Amino acid sequence: MKNIKLIVPALLLLFSACSEATRNTANTKSDSITQTGTASRTDSLEAKIKVNGNVAVGDPLMLRFVVYNNSDTTKSFCIWHTPFEPLMSSYLSITNEKGEEAQYKGAMAKRMMPPPASSYSTVKPGDSLVANADLLKAYDLKKGSSYKVVYTGENMSGLVSRDTITFVYTELH
């Protein structure tokens, strides 16, 4: 009986120590995941968008997409969901003056995750990269309508754009 009185507290102490080690390990794992996720974000890369809403009949309606590296080090971003790859997905929210979303009519690529190394582009410190996309090839836009454009591909590309641009789609004759 005396042995049981000694064994029970020893076992409780042992189990509580194991439980604490498990909690600390779990916290360390989540902390390292958070830190890794934060470190891999491309906060110093910024995307700017611009659209020329007046085009001649038969000309493209071009989106100009510029990525700026405002840091001291070379940074990279995934080109998926940006104009740096052919139109393979919808990465813009385009709404008309009534709030109706313009229909995306381009290709929709199925992706394997994580993106391979070939899916990344680099930008040197203080430099920028420019890509253009013809919105008429990917979105169903109506002549004479006013549109608001917001970049929505940041979850895939890692690029942030705070721009909300507006334009009127008109053709010059």
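**Exercise 1.** Decide whether Asp140 is buried, partly exposed or exposed in this predicted model, and state which residue forms a salt bridge with Asp140.

*Solution.* Begin with the relative accessible area of Asp140, which is 33%. Since buried means under 20% and exposed means over 50%, Asp140 counts as partly exposed. Next, look for its partner: Lys142 forms a salt bridge with Asp140, and the closest N and O atoms are 2.9 Å apart. Lys142, with a relative accessible area of 45%, is likewise partly exposed.

**Exercise 2.** Work out which parts of the chain are tied together by the salt bridge between Lys48 and Asp163, and which residues make up the network of salt bridges that holds this pair.

*Solution.* The side chains of Lys48 and Asp163 meet in a salt bridge at 3.9 Å, N to O, which falls within the 4 Å cut-off. Lys48 lies in strand β1, whereas Asp163 lies in the loop between α3 (154–157) and β9 (164–168), so the pair ties together parts that are 115 residues apart in sequence. As for accessibility, Lys48 is partly exposed at 34%, while Asp163 is buried at 16%. Finally, a network of salt bridges links Glu46, Lys48 and Asp163.

**Exercise 3.** Describe the salt bridge between Glu85 and Arg111, and place each of the two residues in the chain.

*Solution.* The side chains of Glu85 and Arg111 meet at 2.5 Å, N to O. This pair links distant parts of the chain, with Glu85 in the loop between β4 (75–78) and β5 (92–96) and Arg111 in the loop between β5 and β6 (120–123), 26 residues apart. Glu85 is buried at 10% relative accessibility, whereas Arg111, at 26%, is partly exposed. In total, the structure holds 4 salt bridges.

**Exercise 4.** Locate Ser145 in the chain and list its contacts beyond four places in sequence.

*Solution.* Ser145 lies in the loop between α2 (135–138) and β8 (146–151), and its relative accessible area of 13% makes this residue buried. Once neighbours within four places in sequence are left aside, Ser145 is in contact with Glu97, Phe167, Val168 and Tyr169.

Notes:
Residues numbered from 1 in each chain as written. Predicted model: local features only at pLDDT ≥ 70, side-chain atom pairs only at ≥ 80, totals over all residues. Heavy atoms only, no water. Helix = DSSP H or I, 4+ residues; strand = E, 2+ residues; numbered from the N terminus. Buried < 20%, exposed > 50% of the residue type's maximum accessible area, 1.4 Å probe, protein only. Contact = heavy atoms within 4.5 Å.
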